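I opened my notebook to record what I looked up about charged side chains and their partners. The entries follow in the order in which I made them.

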Amino acid sequence: MPEPTDRPEQDQRKRDRAAARARMDHQHTWVDQQIRVAMEKGAFDDLPGAGKPIQDLGAHHDPDWWLKKLVERERIAVLPPSLQLRKDDAELDALLDGLFAESEVRREVEDFNARVMRARYSPQDGQPPLVTMPRDVDETVAAWHRRRADRRTARAAEVAAEPESPAPPRRWWRRRRL
């Protein structure tokens, strides 16, 4: 026979279970009520895609659907190697102009040449022909130096053409040393 002290705990557990069961039974009405209130407030008006059919509904299952949606959403362009190398060749000078050291420029040009050679000696089934040629490293570095010098002279000419500005205020840590 159960002890008298266990009875209140059992009764409390039964009440808790009954209350939980009642909440679960009425949960769908609470959700419906929340949706109804939101509709009355106009929370579902002017949603994107309203009145349009759901895309790919009923189409066959594609296991790579998420990848295709990512490429579409992020506008990722995946080109065949020959076209990607053409694009990289056209953009290489702009990339090199953003570099500051000759060693970095040489590394980028050598990397580009290695990718061209790797694509040249790999099979190209059904791809556009590879017309991109490797670049001469020394010639490309010399052209980089010329463009850099031209930018410096243009910048110096701009600075010389500007009216002279007043001297900047002295900072407190420089004042103390004087």
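**Charged pairs**

I began with Arg-13, which forms a salt bridge with Glu-9, their closest N and O atoms lying 3.8 Å apart. I take a salt bridge to be a side-chain nitrogen of Lys or Arg within 4 Å of a carboxyl oxygen of Asp or Glu. I note that this is a predicted model, in which local features need pLDDT of at least 70 and side-chain atom pairs count only at pLDDT 80 or more, while totals for chains, interfaces and linings use all residues. Residues are numbered from 1 along each chain as its sequence is written, and side-chain values use heavy atoms, with hydrogens and water left out.

I located both Arg-13 and Glu-9 in helix 1 (residues 6-25), where they are 4 residues apart, about one turn of the helix. Helices here are DSSP runs of H or I with at least four residues, strands are runs of E with at least two, and both are numbered from the N terminus. I then looked up accessibility, for which buried means under 20% relative accessible area, exposed means over 50% and partly exposed lies in between, with a 1.4 Å probe and protein chains only. Arg-13 is partly exposed at 45%, and Glu-9 is partly exposed at 46%.

How many salt bridges does the structure hold? I found 11 in the structure.

I turned next to Asp-89, which forms a salt bridge with Arg-135, the closest N and O atoms being 2.9 Å apart. Asp-89 lies in helix 4 and Arg-135 in the loop between helix 5 (102-120) and helix 6 (137-161), so this pair ties together parts that are 46 residues apart in sequence. I noted Asp-89 as partly exposed, with a relative accessibility of 24%.

I also looked up Arg-106, whose salt bridge with Glu-102 has its closest N and O atoms 3.2 Å apart. Arg-106 and Glu-102 are 4 residues apart in helix 5, which separates them by about one helical turn. Arg-106 is partly exposed at 26% relative accessibility, and Glu-102 is partly exposed at 31%. I then recorded that salt bridges with shared partners join Asp-89, Asp-93, Asp-97, Arg-135, Arg-147 and Arg-151 into one network.

**A further aspartate**

Is Asp-88 buried or exposed? I found Asp-88 buried, with a relative accessible area of 16%, and placed it in helix 4 (residues 81-97). Leaving aside residues up to four places away in sequence, Asp-88 touches Phe-112 and Arg-115, where contact means heavy atoms within 4.5 Å.
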